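Student: Hey, can we go through this one together? I'd like to know how to read it before I get lost.

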Amino acid sequence: MKKNLWISIAMTVVTTVLLGLIYPLVVTGLAQMLFPHKANGQLVVKNGKVIGSKIIGQGFSGPGYFHSRPSAAGNGYDAANSGGSNLGPTNQKLLNRVKTVVASAQAANPAVSVPIDMVTTSASGLDPHITPANAEFQLSRVAKARAISVEQVQAVVSKHTEGRQFGILGEPRINVLELNLDLDRQFPVTLPKP
Amino acid sequence: MTANGWFQILLFFGLVLLVTKPLGKFITRVFSRERTLLDPVLRPLERLIYRLSWVDENHEMGWKEYCISMLLFSAISMLVLYGLERLQGFLPLNPQKFGAVNSPALAFNTAASFTTNTNWQNYAGETTMSYVTQMAGLAYHNFMSAAVGIVLAIAFIRGIARRQMKTIGNFWVDLVRCNLWVLLPVCMVGALVLVSQGVVQNLKPYDTAKLIEPIQVPRVGTDGKPILDAQGKQAMDTVTEQVIAQGPVASQEIIKEFGTNGGGFFNANSSHPFENPTPLSNMLELVAIFSLGSALTYTLGQMTGSQRHGWAVWAAMAILFFSGVAVAYWAEARGNTLLAGTDQKGSLTQPGGNMEGKEVRFGIANSALWATVTTDTSCGAINSWHDSFTPIGGLVPLANVMLSEVVFGGVGSGMYGMLVYIVIAVFIAGLMVGRTPEYLGKKIEAYDVKMAMLVVLVFPLVILVFSAISAAFNFGTSSILNPGPHGLSEILYSFTSQAGNNGSAFAGLTTNTPWYNIAGAMTMLIGRFLMIIPVLAIAGNLAEKKYVPPSLGTFPVTTPLFTVLLIGVILIIGALTFFPGLSLGPILEHLLMMAGKAF
C-alpha cells in the first residue's frame, strides 16, 4: 500500500512530464515545421492585416455579400466563444427565431421555401460554409446590390463550390469568406459605411 | 437519407473492421510483453520510467493490489489536475492570462470528469483553461484514464485466461506499456495528420482579425438578458473585430478521440473548425473513436484462445451499432416538422433535414453517425448538438449510453462492461438448461453473478435517483433551457452521460451550478469506480478457478445464438430500467411534435 502510494506520486510526475509536456511540445514543433500555415489557423491577411481565418466563419449582413448562417457563438461569430443554440426541436423560441429569419429571407424571394441551413444556427457558431442551395437563394440579391448579372455572380459561386472530399466524404459546400472576398476583388462596390 | 450518406457510414465501418485484427493482435503482444517493432525505441524509455518511479516490473499483483494501485493513482492524479486548474494563473503557457478555474466546485467537477474518462464539461475551454492546463492537465488525463480503462479490460481477460493463479498482472507495467506502445505512437502520427487537415497546433495568443464587414449584434447584459435602448428597442453594438482562439489542439484532439475521452479543447468540441476542419478529419476522428473498442474484441479472442468468441461479441456490437445509426439518420434526415416555410428536403445542393446545431460540411449523415458512435462508446465528443436533435434522433444517443456503452464501448470500459453482460447472459442460459453456467472453461458461480449484478444495478440507481431529485426540486429544474418533455430529457441525459462516463450532453441544461457540479462529480466517480471494483473482483475470482473442459451441456459462446442472446440481455436490462424515463422524455416529445405542439 505504502509502496504503491509512492509509486503513484512518482508515476504521476514522470508521466505528466512525458505525456503532458514533451508530447504536445514535440507535436507543436513538428506541426510548425511541416504545416506552419495550417497549424496557425490559416489566417487570411490583406494589406498586412489579419482579416480572418479561412476556416472560421464571419457574419455578413450587407445586401452585396453572401450571408453566413445564423450564429449562436457569443453575440454571433465570436471565435473566442464557440457554441450552438442548444434549442430543442419543440422549443417555441426556436420556432420564433426561424419564423423571423424565414420572413426576412422571403422578402427578396416571396413564397420560395428557404433552405434549412439558412435559418438554423450551426454547431460551432463558426460554420465557414453555406450549402449551394443557400447560395442560389441569395444570388439575385447579391447581383442586384452589385449591379451585375446573376450569371456573373453564379460564375463566382460555382468557382467556390467545393464538392465532397475525394468525391465521397462530407457534403457539397461554399466557403462564404472566400466567396465574398473574391466578389469584392472582381466586382468592387463602394458599400455605404455603417 | 441518401445513398451517399449510407456509403459514408459503410465506409466508416469498413475502416474500423480493417484495423480490428492488426490492432487487436498488437495489443495482445504488448500486454503479453512480447517483442514488437517499437521495442528498440520504447524499451529504454520504459525502463527509465520504472527506475524513476520505483516500479519492479517483475512483480505480479493479486486483484486487490491491482485495484488499490489503480485507485491511488487515480486519486493522486486527480488532485494534481485540481491543483493545476486552481493555480493556472501562476503558471506559464497562459497567453490569455486566465485566472484560477472558478468556483472550486467547477474545478472539482472537471477534475473528477477527466480522471474518470468522462470529460463532462461545465466550462468553455477557450474562455477558461490555460494552455498548460489543457496539455498537462486535461490531455494528460485523456491518456491516463484511457490507459486505466484498457488495462482493466486486459486484467479481466487475464482473469478468464489464467488457471488457478492468484495474480492478474502488474498495474504499473500495464499502464506504462499501454501508453508507450498503444496510445502514444498512434497519437504522434494522428495529430500530425489532423494538422495537415487544418487542426491548429500552436502556443500563441489568440489572434485578432479586422472584420471585412462590421456586424451589428444585440447588446446583452452580464446575465445574458438583452439590454433595451431609450426607445425600448433592442440596443445594438457594432463589432469590427473577431478574436480567434488558438492553442495546442491537434495533440489533444487525437487522444480525445482515440482514448474515447471526448472533452473538447473548445466549447464547440469537434464541431469547431479548428478541431475538425474537413470531412476527412471527421472520418479519421470517427475511426479513432471506435478502433480500440473494436480491436479489444480481437484481443479477447486471442488471449482466451477462442477467436470465434471474440468475433461473436464483435457481431453483437456491430448489430447494435447499425440499429442505432439507422434510427438516428432517419430521424434527422426527416427534419423538424414544426419549421414552416423552410426547405428541408435533401437534394444535390443541400443535405436538408434538421440542420439546427449541425455544420454544413458534415450535413446529416456524418452528424447522425457521430452522435451514434460517440455514445456507443464512452467518448462524448460531439460534432453537432444533441440537444437540438429531433426527439427520436436524440433518443438514440441517450439510449446508447443507457445500454452502458458496450457497443465497442469506451476503451477498455466497453470491454469489461460487455464481459459483465456476458457473465449474466451465460448465467441466464445456464438457468434455462438447469446447469451450472460456464464461460470459456470457467464455472460462473454465485459470487461472480452477484458482482456482475452489482455493476448492472449501481448504474441505473445513480442515474434515476439523481435525475428524480433534479426533476423534483427548483435547484434542478431552474437549469432547464428547453421546456416541456425536452426538459426532462436534458436532466436524464445529463446524469446518464455522467454515470456512463460519456460526457456528451443535452447542453442547454445549465450545469455550472453548485448542485450539478457536486452531484455530477459524485455520479461520475460512482459510475467509474463502483463499477471497476466488482469487475476486478470477478477477474481475481475467475483467475483462481480450475479449467473445466467443455462438455455437451456447455452453452457455446461462439455461435450466432450466443450473439442473439447477448443482445437480448443487453436490451432487456436496458429497456426494463429506462423505458419509463424514455417515454416521459423523448417519446412523449416526439408524439407531441407530430401533433404540432411546441412549448
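Predicted model: local features only at pLDDT ≥ 70, side-chain atom pairs only at ≥ 80, totals over all residues.

Student: Is A:Asn86 buried or exposed?

Tutor: Buried. The cut-off for that is 20 or more other C-beta atoms within 10 Å, and A:Asn86 has 24.

Student: Which residue of chain B is not a glycine but has a positive phi of about 65°?

Tutor: That's B:Asn117. B:Asn117 sits in the loop between helix 4 and helix 5 (125-128) of chain B. B:Asn117 is buried too, with 32 other C-beta atoms within 10 Å.

Student: New topic: the two chains. How many residues of chain A are in contact with chain B?

Tutor: 98 residues of chain A, and they meet 116 residues of chain B. Several elements of chain A give two or more residues to its side, including helix 1 (2-34), strand 2 (49-53), helix 3 (92-108) and helix 5 (132-145).

Student: Which element gives the most to that side?

Tutor: Helix 1 of chain A, with 23 residues. The chain A side as a whole divides into 48 nonpolar, 42 polar and eight charged residues.

Student: What do strand 3 of chain A and strand 3 of chain B do together?

Tutor: They pair in the parallel sense, over two bridges. In that pairing, A:Pro115 stands opposite B:Asp343.

Student: And within chain A, which strands form a hairpin?

Tutor: Strand 1 and strand 2 of chain A, with two residues between them. A:Asn47, in the turn, has a positive phi of about 50°. The two strands pair in the antiparallel sense over four bridges, and A:Leu43 stands opposite A:Ser53.

Student: What's the strand order in the open sheet of three strands?

Tutor: 4-6-5 in chain A, with antiparallel pairing. Strand 4 and strand 5 (161-162) of chain A are at the edges with a single partner strand each, so one side of each has no neighbour in the sheet. Two bridges link strand 4 to strand 6 (residues 173-175) of chain A, and there A:His129 faces A:Asn175 as its opposite residue.

Student: Let's go inside. Which residues touch the most other members of the largest nonpolar core?

Tutor: B:Val423 and B:Val535, out of 205 residues in that core. Helix 6 (residues 131-161) of chain B contributes the largest share, 22 residues. Apart from that core lies another one of 15 residues, among them A:Phe60, A:Val142, A:Val157 and B:Val360.

Student: What does B:Val423 touch?

Tutor: Leaving out residues up to four places away in sequence, B:Val423 touches B:Tyr439, B:Ile444, B:Asp448, B:Val449, B:Ala452 and B:Ile538.

Student: You mentioned helix 6 of chain B. Where's B:Met135, and what does B:Met135 touch?

Tutor: B:Met135 is in helix 6 of chain B. Not counting residues up to four places away in sequence, B:Met135 touches A:Gly20, A:Leu21, A:Pro24 and B:Pro248. B:Met135 counts as buried, with 27 C-beta neighbours inside 10 Å.

Student: What follows helix 13 of chain B?

Tutor: B:Gly434, with a positive phi near 75°.

Student: And which domains are assigned in chain B?

Tutor: The domain assignment gives domain 1 (207-244) and domain 2 (412-594). Their C-alpha centres lie 46 Å apart.

Terms used: Residues numbered from 1 in each chain as written. Chains lettered and ligands numbered in written order. Contact = placed C-beta atoms within 7 Å. Nonpolar A, V, L, I, M, F, W, Y, C, P; charged D, E, K, R; others polar. Pairing = 2+ DSSP bridges. Domains from an automatic or database assignment. Core = buried A, V, L, I, M, F, W, Y, C linked by C-beta atoms within 7 Å. Buried ≥ 20, exposed ≤ 12 C-beta atoms within 10 Å, placed from the backbone.
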